Amino acid sequence: MIPLLLPEDADYLARALTAEYAAQELPYAALVGIAAVVLNRVEDDRYPDSAAAVLSAWESEPFSLTQNLPDDPLPLLTDACRAAADGADPTDGSLHFEILEPDVVHESPYYSVVIDNVAFW
């Protein structure tokens, strides 16, 4: 179950996604999936209990965040975060994701879902 997303967490998550992924032209479903992974981690006892804390605690890629966040998120990223907060999870509950090289076949027994060039597990 996706947790309630506090307004400050929603804003932080949308700005973080804007900072990291706006230039990559990922499809909307992949953006919703990335937001859902963050929220799935919030729901999991092994991770912090807020989206901002999950993003701040991310130890490596895919989020090199918490610095240089834009003042305003892109509306598409805000919508993706809202969709994930409303329960959309195209990742089937995944806790991890990876941006894959475009136009290369990637197969892994670990991937539960691949949306465009984003793998989730």
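This chain is a predicted model, and its mean pLDDT is 84, with 88% of the residues reaching 70 or more. Confidence is highest in helix α2 (residues 28-43), at a mean of 94, and lowest in helix α1 (residues 7-21), at 83. So what is in the fold? The chain has 4 helices and 3 strands, and along the sequence they come in the pattern α-α-α-α-β-β-β.

**The chain as a whole**

- Of the 121 residues in the chain, 45% are buried.
- Look at the contacts in the chain with a separation of 6 or more: 68% of them link residues 24 or more positions apart.

**The sheet**

- In what order do the 3 strands sit in the sheet? The order is β1-β3-β2, in an open sheet with antiparallel pairing.
- That leaves β1 (97-99) and β2 (113-115) as the edge strands, each pairing on one side only.
- From one strand to the next, the twist averages 15°.
- Strands β1 and β3 run antiparallel and are joined by 3 bridges.
- As a bit of background, strands of a sheet pair through backbone hydrogen bonds, and they can do so parallel or antiparallel.

**Helix α2 meets helix α4**

- Two packed helices are described by two things: the angle between their axes and the distance between the axes.
- Here, the axes of α2 and helix α4 (residues 75-85) come within 8 Å and cross at roughly 55°.
- Because of that angle, α2 counts as oblique to α4.
- The crossing of α2 past α4 is right-handed.
- Which residues of α2 meet α4? They are Y28, L31, V32, A35, A36 and L39.
- On the α4 side, the residues they meet are L76, L77, D79, A80, C81, A83, A84 and A85.

**A closer look at V118**

- You'll find V118 in strand β3 (residues 118-120).
- Is V118 buried or exposed? It has a relative accessible area of 0%, and the cut-off for buried is under 20%, so V118 is buried.
- Leaving out residues up to four places away in sequence, V118 touches L26, A30, I34, F97, E98, I99 and V113.
- One of those contacts is F97, and although V118 and F97 are 21 residues apart along the chain, their C-alpha atoms are separated by 6.7 Å.

**Two residues with a positive phi**

- E25 has a positive phi of about 55°, although it is not a glycine.
- Where is E25 found? Check the loop between α1 and α2.
- The relative accessible area of E25 is 72%, and exposed means over 50%, so E25 is exposed.
- D116 isn't a glycine either, and it has a positive phi of about 55°.
- The place to look for D116 is the loop between β2 and β3.
- D116 has 56% relative accessibility, and that is over the 50% cut-off, so D116 counts as exposed.

Conventions:
Residues are numbered from 1 along each chain as its sequence is written. This is a predicted model: local features need pLDDT of at least 70, side-chain atom pairs count only at pLDDT 80 or more; totals for chains, interfaces and linings use all residues. Side-chain values use heavy atoms; hydrogens and water are left out. Buried means under 20% relative accessible area, exposed over 50%, partly exposed in between (1.4 Å probe, protein chains only). Contact means heavy atoms within 4.5 Å. pLDDT is the predictor's confidence in each residue, from 0 to 100. Two strands pair if DSSP finds at least two bridges between them. Axes are lines fitted to C-alpha atoms, for helices over the stretch in contact, and angles run from 0 to 180 degrees between N-to-C directions. Angles under 35 degrees count as roughly parallel, over 145 as roughly antiparallel, 65 to 115 as roughly perpendicular and the rest as oblique. A crossing is left-handed if the near helix is turned anticlockwise from the far one by less than a right angle, and right-handed if clockwise.
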